[in-house]
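Take a look at the sequence and the structure below. This short report walks through a few local features, a helix pair and a chain contact.

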Amino acid sequence: MATTVYTEADQLEERLDQRAPLVLGGNDFHSVTELVARPIDRPGNMWWPAFLVSLTLLGVYGVAVAYLVWEGVGIWGLNNPVDWGWAIVNFVFWVGIGHAGTLISAILFLFRQKWRTGINRAAEAMTLFAVACALSFPTIHVGRVWLLYWVFPIPNQMAAWPNFRSPLLWDVFAVSIYGTVSLLFWYTGLIPDLATMRDRAKGALARKLYGFFALGWRGSQRHWQNYESAYLILAGVSTPLVLSVHTIVSFDFAVSQIPGWHTTIFPPYFVAGAIFSGFGMVLTLLIPSRIIFGLKDLITVRHIENMAKICLLTGTMVGYAYAMEFFIAWYSGNPYESFAFFNRAFGPYSWAYWTMISCNVISPQFFWFKKLRTNPLFVFIISIFINIGMWFERFVIAVTSLATDFLPSSWDYYSPTIWDVASFIGSFGLFFTLFTLFVRFVPMVAIAEVKTVMPQADPHHHPAAASKHGATVAARGGAH
Amino acid sequence: MVGKPSVALAEFDTAGEIYHACEHVRDAGFSRWDAHTPFPVHGLDKAMGIGRSRVPWIALVCGFTGAGLAFWLQAWVHSSAYPLVINAKPYMSWQAYIPVTFEVGVLFTALGTLIGMLALNRLPQHYNSLFKSARFERSTDDKFFISIAADDPRFQGEETLRFLQGLGASHVELIED
């Protein structure tokens, strides 16, 4: 069957009479399978160094956590009044990153955004690993980790129960259920691809392992029907779930009385920021991955452009929220609230505040220009700024509000210790160790889903007519 | 050891071919048959004449069960098991119970959806006579298959193979169990 060869130029040209092609380079179904499986067959010479560096950082995390459990949270830079420091900042940072994966897998699915198929698998994996990092911080933050079971409603010898009227407990449920549901959704999407890996595996062990997790999937249409229904329901429940998770994370702050935290704008502002930070991380991961693993035909410049547009949108929403917080602080006439915000921008932490503003509000504005947002290297650089800026946002919110609280005599400047830094850097070790293992053993693009968005997947597709049309597209693309 | 025929398998090259072949198999009155495709082919369930999925009903029941249990747990903990006034809130402060109720509802829906989908599909099932066919391995790659089970009342061995061949199959075979 003749396959039309689409190029980047066809894809970036905005046409009203047809949708842009999502798979480039004249791939057919078989070549898509091979393209995605190649990094697993031959991970290349970049994989081991990447894995070993990640593993070393994970070791740093292990040491930092072990010393924390041994000695207690006193090893961190916490003081009174700043009794929530980097641990909560890192928690919110990581859980926010997870949100982009669910947005891509669930919300874009409900909106029938077919381009999501190229990136949803890796983004969902990123979600799982980010949530694992996020959950580790409150776990170690409790100090006596062996008493963590107190947060769960388990009948115990003290006849005591957790307080369900506290947002901190809602958070336990929200984040752990978010992690679990993301894992179920990710695995559901994986079943057909694991069957593909099983059927093309050369080694007996690989065949057995992929086969075990593929559950005996045989592409039956009767199965696909239940499967698609299940997939739609999982997308349908993940959508309100992901919006609820960062809403509840924001309640940790908003339900308290601290000026700078006690604001009603927090839920939408946190959700927008979470999606913004998550897309930043997806771009940071996928722009190098598509080159290293030869996936440029599936994760195309148009995918990068679309993600850059979402960064522009959510970054601007976050900027609006920053401005609105200031406006309300002034408009409320409340001196504590006004002081808290004036102090954020011009007080002892103004360096953190302006880092946040430049990274989160100013840097995405470059994406108004098509030339810049279709330049992968430029988008990659901005994505790093977004990651930095969103970490600083949580730092600004958590620390500036506490450091200068109601009573000036108790004000204190917070600075982290080496152990705060070690646990933060170390959490990247956990994240990248999991991610490198993922790209080594799991298809990092959803094979079956990408096939559904190729023109030849449509049973009423006429190859002859399409290739004629494609040829005109190619000719027009060439003329530019 | 040669057993008796268990399934007739026909291979097709494109989504369009299997779509039309399925319409013919459906119209010929077969009941115990299936199509196997590397991805869900749009509209193929209609071409095969199979009804709607029952997964949504399972999800609905599980979701309400989870939400109901979660609400009951919180109400019971704060009004009966461990009644404690915190922040001057009433024992039965139902507004505060909504987040956990919602989250647990979602958890039960997701678990019910995945487990229900697998149960309806009778998976995991690591043995199937279709896996004996070497060509069938491409059903998860780029080929499209129709299988008609030997216990279908209209199954007639070689005759059925010829029928499938006539629908434009690029390859047909009988798999023995």
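## Backbone details in chain A

Start with Arg112(A), which sits in the loop between α4 and α5 (120-141) of chain A. Its phi is near 55°. That is a positive value, and the residue is not glycine. Keep in mind that this is a predicted model.

Another loop of chain A runs between α3 (47-71) and α4 (86-110), and Pro81(A) is found there. Which form does the peptide bond from Asn80(A) to Pro81(A) take? The bond is cis, with omega near 25°.

## A cis bond in chain B

Chain B has a cis peptide bond too, joining Leu123(B) and Pro124(B). Here omega is about 0°. Look for Pro124(B) in the loop between α4 and β3 (144-149) of chain B.

## Two helices that pack

Two packed helices are described by the angle between their axes and the distance between the axes. Now apply that to chain A. Helix α9 (residues 266-292) packs with helix α14 (residues 376-403), both of chain A, at an angle of about 145°. Their axes are 8 Å apart.

Which hand does the crossing of α9(A) and α14(A) have? The crossing is left-handed. In the contact of α9(A) with α14(A), 16 residues are nonpolar, 6 are polar and 3 are charged.

## Where the chains meet

Chain B gives 70 residues to the contact, and chain A gives 59 residues. Between them, the two chains bury an area of about 5,700 Å². Carbon and sulfur atoms give 66% of that area.

How many salt bridges are counted between chain B and chain A? There are 3 salt bridges. In a salt bridge, the side chain of Glu137(B) meets that of Arg207(A), at 2.5 Å from N to O. Polar contacts between chain B and chain A come to 28 residue pairs, with both residues at pLDDT 80 or more.

## The chain B side

Several elements of chain B each supply at least two residues of the side that touches chain A. They are α1 (15-27), β2 (33-36), α2 (44-48), α3 (55-81) and α4 (94-120). Which element gives the largest share of this side? It is α4(B), with 17 residues.

By class, the side of chain B that touches chain A has 43 nonpolar, 18 polar and 9 charged residues.

Note on methods
Residues are numbered from 1 along each chain as its sequence is written. Chains are lettered from A and ligands numbered from 1 in the order in which they are written. Side-chain values use heavy atoms; hydrogens and water are left out. Axes are lines fitted to C-alpha atoms, for helices over the stretch in contact, and angles run from 0 to 180 degrees between N-to-C directions. Helices (H or I, at least four residues) and strands (E, at least two) are DSSP runs, numbered from the N terminus. A crossing is left-handed if the near helix is turned anticlockwise from the far one by less than a right angle, and right-handed if clockwise. Ala, Val, Leu, Ile, Met, Phe, Trp, Tyr, Cys and Pro count as nonpolar, Asp, Glu, Lys and Arg as charged, and the others, Gly among them, as polar. Contact means heavy atoms within 4.5 Å. Buried area is the accessible area (1.4 Å probe) that two parts lose on being put together, summed over both. A salt bridge is a side-chain nitrogen of Lys or Arg within 4 Å of a carboxyl oxygen of Asp or Glu. A polar contact is a pair of N or O atoms within 3.5 Å; within protein, one must be able to donate a hydrogen and the other to accept it, and residues adjacent in sequence count only if both atoms are side-chain atoms.
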